[in-house]
Amino acid sequence: SLFLSMTEDSLRNAFSMAQRMEYAMEVEKKSAAQMETLLDYTFHGVIRLDREGRVAGVNSQMEDIIGSREAELAGKPVGQVAPGIGAEALERVLGQGEEYSLFLDLNHISVFAMMVPILYDGQADGAMITCHRVARPSQQEKDEKGKKTGLYPAAARFEDLLQESSSMREC
């Protein structure tokens, strides 16, 4: 046990500290609620990753794209949820703090994915992946266009290209 004297100043300091902590907690709750609302009502799918590259959360649009609920996806490595995201992409985003973009096919839905690090004290503490649905023409549409114009699509895919954000390039 320890004997402490209760003085008016020590009580005043304790109450003041408790009020500041309550204010900080309220600000954090409001900020989290605003972020959750933003993610839930965006038109794009969003995946939140922890610093190890595991799914920390998804919004409802992403649940629709993947065909699974957030509870089923939470904690899984992102490579299992989005097979086109490999170790190189994760290393660039989580290890080096760079942006990374690529095309993915998720549950037979083509998406353009943009991966950005969540930076805290200069280090990646996780990442956000936004997925924008894209329409890819069918093989019949490609053939018809080729017959009309004499131009045919390239044999390579965008996923084969390394992509870098213009903000990350040095001048």
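Trainee: What makes S1 and S2 a strand pair?

Mentor: Two strands pair if DSSP finds at least two bridges between them, and S1 and S2 have 3 bridges in the antiparallel sense. Strands here are DSSP runs (E, at least two residues), while helices are H or I runs of at least four, numbered from the N terminus. This is a predicted model, where local features need pLDDT of at least 70, side-chain atom pairs count only at pLDDT 80 or more, and totals for chains, interfaces and linings use all residues. Residues are numbered from 1 along each chain as its sequence is written, and side-chain values use heavy atoms, leaving out hydrogens and water.

Trainee: Which residue of S2 stands opposite Arg48, please?

Mentor: That is Gly57. S1 and S2 form a hairpin with 5 residues between them, and Gly53 in the turn has a positive phi of about 85°.

Trainee: Why is Ile65 called buried?

Mentor: Buried means under 20% relative accessible area (exposed is over 50%, partly exposed in between; 1.4 Å probe, protein chains only). Ile65 is at 1%, so Ile65 counts as buried.

Trainee: What does Ile65 touch, leaving aside neighbours within four places in sequence?

Mentor: Contact means heavy atoms within 4.5 Å, and the partners of Ile65 include Leu106, Ile109 and Val111. The C-alpha atoms of Ile65 and Ile109 are separated by 6.9 Å, although the two are 44 residues apart along the chain.

Trainee: What makes a set of residues a nonpolar core?

Mentor: Its members are buried Ala, Val, Leu, Ile, Met, Phe, Trp, Tyr and Cys residues joined through side-chain atoms within 4.5 Å. The largest one here has 26 residues, with Ile85, Met115 and Ile129 making the most contacts inside it.
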